[in-house]
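This briefing is meant to be read with the structure open beside it. Please follow each group of points on the model as you go.

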Amino acid sequence: MKEALKKAMTTSISEVLETMFFMTIDVNENAATEAFLGKPGEHPFASRIYFQGKLSGYFLLMIPEEILRVMTETFMGVDAADVTVTHLNGTIQEAINMIAGNTFSTFDNTAVFDLGIPELIDFNLIPSRCPKETPEDHFLLVETFAGNLGLKICFTTE
Amino acid sequence: MAFKMLVVDDSLPMRSIVIRTIKASGFSDAEFLQAGNGKEALEILANEWVDLVVTDYNMPDMNGMELIQEMKKDDILHAIPVLVVTTEGSQQKAGEFIEKGAAGYVKKPFTPEAIRDHITKILGEVGDEGSAEEGDDDLDF
């Protein structure tokens, strides 16, 4: 089940980034969370979305500003100079929304998963370990032409 | 006569890409109204007639399903077709949208062609007096 979920996450983030953001990516399924967290001087944008259903927990998407700006320009069709923080926030929230929904429909489209509303969180407050209520985890390091972004899930089964 | 459409999504970037996609789908003359959730959409619909509502499902205050239900209860608004564009991918949820009265359902991430095909089908069923233009199979932005 865990392998199927990891595959669904990989498929989902590839589909979302390629279809909606026209980005070609490589996904490293074996990287540790520490490979992304805590790099000195980095303060990526981060968004979290909770879910409930056959699995419960949350997804975290972490994107450095430089990559998020490129994604936002493509997504909104605006020039770099016109991209605002509101646009960046909206883009990362919509990206995690699509990734979460697409992951679950790929993982099991006969099950209903209720998604919450994506929220913005402070990257510095993200713990490296999942909380004890949702102890299982996967982390994907997503490599793009502009740098790396991170997708993490913390979950428990019903 | 150009079509008037209401795009409902709590994400500003998503509203932006949906509108761009529809414009590129042969509806370049369409007029667009925007709302951030179902409640805002109903406020707009109380004063404006639109030919199509394109809505997300997962929104704060009033979601897309609740919006469809409220519209179907209304003597006037029930006639406006609703296209749901959402991350919800379960077969059960998709069936529920149609059962509640949605005219169509597109799953995110979507291709421009998927949006074009659904809207052309829906507005073609509504009437042929609109401004849909013949387009290529592949859409460019």
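If its neighbours within four places in sequence are left aside, A:Phe59 is in contact with A:Arg48, A:Ile49, A:Ile96, A:Ile99, A:Ala100, A:Leu151 and A:Ile153, where two residues are in contact if their C-beta atoms, placed from the backbone, lie within 7 Å. This is a predicted model, in which local features need pLDDT of at least 70 and side-chain atom pairs count only at pLDDT 80 or more, while totals for chains, interfaces and linings use all residues. Residues are numbered from 1 along each chain as its sequence is written, and chains are lettered from A and ligands numbered from 1 in the order in which they are written.

**The nonpolar core**

- A nonpolar core is here a set of buried Ala, Val, Leu, Ile, Met, Phe, Trp, Tyr and Cys residues joined through C-beta atoms within 7 Å, and a residue is buried if 20 or more other C-beta atoms lie within 10 Å of its own, exposed if 12 or fewer, and partly exposed in between.

**Two helices of chain A**

- Helix H2 (residues 65–76) and helix H3 (residues 85–107) of chain A pack at an angle of about 85°, with their axes 9 Å apart; axes are lines fitted to C-alpha atoms, for helices over the stretch in contact, and angles run from 0 to 180 degrees between N-to-C directions.
- H2(A) and H3(A) are therefore roughly perpendicular to each other, given that angles under 35 degrees count as roughly parallel, over 145 as roughly antiparallel, 65 to 115 as roughly perpendicular and the rest as oblique.
- On the H2(A) side the meeting residues are A:Leu68, A:Arg69, A:Met71, A:Thr72, A:Phe75 and A:Met76, and on the H3(A) side they are A:His87, A:Leu88, A:Thr91 and A:Ile92.
- Sorted by class, this contact of H2(A) with H3(A) has six nonpolar, three polar and one charged residues, where Ala, Val, Leu, Ile, Met, Phe, Trp, Tyr, Cys and Pro count as nonpolar, Asp, Glu, Lys and Arg as charged, and the others, Gly among them, as polar.

**The sheet of chain B**

- Chain B has five helices and five strands, and along the sequence it follows the pattern β-α-β-α-β-α-β-α-β-α; helices (H or I, at least four residues) and strands (E, at least two) are DSSP runs, numbered from the N terminus.
- The five strands form an open sheet in the order S2-S1-S3-S4-S5, with parallel pairing, and two strands pair if DSSP finds at least two bridges between them.
- Strand S2 (31–35) and strand S5 (104–107) of chain B stand at the edges, each with a single partner strand, so one side of each is left without a neighbour in the sheet.
- Four bridges join the parallel strands S1 (residues 4–8) and S3 (residues 52–55) of chain B, and B:Val8 stands opposite B:Thr55 in S3(B).
- Helix H2 (residues 38–45) of chain B packs on the sheet, touching S1, S2 and S3 of chain B, and its direction makes about 160° with that of S1(B).
- Helix H3 (residues 64–73) of chain B also packs on the sheet, touching S1, S3 and strand S4 (82–86) of chain B, and its direction makes about 170° with that of S4(B).
- S3(B) and S4(B) pair in the parallel sense over three bridges, with B:Val54 opposite B:Leu83 in S4(B).

**Burial in chain B**

- Of the 141 residues in chain B, 45% are buried.
- In S4(B), B:Val82, B:Val84 and B:Thr86 point one way and B:Leu83 and B:Val85 the other way, and all are buried.
- B:Leu45 lies in helix H2 of chain B, and this residue counts as buried because it has 22 C-beta neighbours inside 10 Å.

**Where the two chains meet**

- 20 residues of chain B are in contact with 27 residues of chain A, and H1(B) gives the most to the side of chain B that touches chain A, with six residues.
- H2(A) and H1(B) pack at an angle of about 40°, with their axes 8 Å apart, and they are therefore oblique to each other.
- In this helix pair, A:Thr72, A:Phe75 and A:Met76 meet B:Pro13, B:Ser16 and B:Ile17.
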